[in-house]
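These are my notebook entries on one model. I looked up its helices, its core, its ligand shells and a few single residues.

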Amino acid sequence: MANAVKLSPTGDRQKALISRLEKEAGTSINLCYQCGKCTAGCPAAFAMDYPPRQVIRLLQLGFVDEALNAESVWICASCETCSSRCPRGVDIAALMDAVRREALAQNRITDKKVAAFNKAFLNGVKWFGRTYEAGLTLQYNTATKQFTKDSELGLPMYLKGKLGILPERIKGRDAVRKIFERSQEKGGE
Ligand code: SF4
Ligand code: SF4
């Protein structure tokens, strides 16, 4: 039947990938009994295509490509509410993070704006040891081709001392740089 839903698509590739994601997240999807407490507490679930309980269910059923293509992993704020509420000890936040990294590695970025924001934020931390709002805005707006986005807020924020023109640099920048280097050695951005 042409429109039949394939319920068990798990081949060797999917199984290997799911095992790797579990290993990277340090958790097991099979512990989940689908109670939904994670979704009930998730502050971002209202905006997700698959709330956290359903992301776990996709993986349990072997729908790893669907999980990798979910917008949810880009909307997740890594607040860890889900992990702290889970009665089965599933670290869903870590799993969302592992799925997000894999989606990035496979260039399956369903929300390019969130990915651009992440990159601009991390660049600021890497270069200056802390976020640099003006630089972040410039990088983000350029990457997303929204060149004048929020420009009307710049001057009022500057006049109120909420926005610096030049970046502040912290003392331990070498230590921060080393963290990024170690992350890159492990395959991070
Ligand atoms: S709270 Fe834990 S057991 Fe319940 S649905 Fe979420 S991951 Fe599964
Ligand atoms: S870590 Fe992500 S999925 Fe979990 S509660 Fe927070 S926003 Fe939701």
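**Entry 1: the side of H1 that packs.** I began with the buried residues of H1, which pack against H3, H4 and H7. I took contact to mean C-beta atoms, placed from the backbone, within 7 Å. I called a residue buried if 20 or more other C-beta atoms lie within 10 Å of its own, exposed if 12 or fewer, and partly exposed in between, with C-beta atoms placed from the backbone. Helices are DSSP runs of H or I of at least four residues and strands are runs of E of at least two, numbered from the N terminus.

**Entry 2: conventions.** I noted that this is a predicted model, in which local features need pLDDT of at least 70 and side-chain atom pairs count only at pLDDT 80 or more, while totals for chains, interfaces and linings use all residues. Residues are numbered from 1 along each chain as its sequence is written, and chains are lettered from A and ligands numbered from 1 in the order in which they are written.

**Entry 3: overall layout.** I found eleven helices and zero strands in the protein. The C-alpha trace spans about 60 × 35 × 30 Å along its principal axes. Buried residues account for 24% of the 189 residues. Of the contacts between residues at least 6 apart in sequence, 63% join residues at least 24 apart.

**Entry 4: H1 in detail.** Which residues of H1 are buried? I listed Leu17, Ile18, Leu21 and Ala25. They lie on the same side of H1, because the arc they cover around the axis is only 100 degrees; the arc is that of the directions from the helix axis to the C-beta atoms. An α-helix has 3.6 residues a turn, so residues three or four places apart point the same way. On the face turned away from the buried side of H1, I recorded the exposed residues Asp12, Lys15, Ala16, Ser19, Arg20 and Lys23.

I then checked the length of H1: its 14 residues should span 20 Å at 1.5 Å a residue, and its end C-alpha atoms are 20 Å apart, which agrees. The expected span is 1.5 Å times one less than the number of residues.

Arg20 counts as exposed because 12 other C-beta atoms lie within 10 Å. Its C-alpha atom is 9.0 Å from that of Ala98, 78 residues away along the chain.

**Entry 5: the largest nonpolar core.** I defined a nonpolar core as a set of buried Ala, Val, Leu, Ile, Met, Phe, Trp, Tyr and Cys residues joined through C-beta atoms within 7 Å. The largest one has 32 residues, of which Val55, Leu59, Ala67, Ile92, Met96 and Val99 touch the most other members. Helices H1 (12-25), H3 (52-60), H4 (64-69), H5 (72-75) and H7 (92-105) each supply at least two residues of this core. H7 provides the largest share, seven residues. Apart from its neighbours within four places in sequence, Val99 is in contact with Leu21, Ala67, Leu68 and Val73.

**Entry 6: the two ligand shells.** A residue is placed in a shell if its C-beta atom, placed from the backbone, lies within 6 Å of the molecule. I counted Ala, Val, Leu, Ile, Met, Phe, Trp, Tyr, Cys and Pro as nonpolar, Asp, Glu, Lys and Arg as charged, and the others, Gly among them, as polar.

- Ligand 1 is surrounded by 14 residues, the closest being Cys32, Cys35, Lys37, Cys38 and Cys86. H2 (37-41) and H3 are the elements that give two or more residues to this shell. The shell divides into eight nonpolar, two polar and four charged residues.
- Ligand 2 is surrounded by 14 residues, the closest being Cys42, Cys76, Cys79, Cys82 and Ala93. H7 gives the most to this shell, with three residues. By class, the shell has eleven nonpolar, two polar and one charged residues.

**Entry 7: H11.** The count of buried residues among the 13 residues of H11 is zero. Val176 in this helix is partly exposed, with 16 other C-beta atoms within 10 Å. Leaving aside neighbours within four places in sequence, Val176 is in contact with Val125, Lys126 and Gly129.

Entry 8: Gln34, which is not a glycine, has a positive phi of about 60 degrees and sits in the loop between H1 and H2. Asn107, also not a glycine, has a positive phi of about 55 degrees and is found in the loop between H7 and H8 (112-128).

Definitions and conventions. Two residues are in contact if their C-beta atoms, placed from the backbone, lie within 7 Å.
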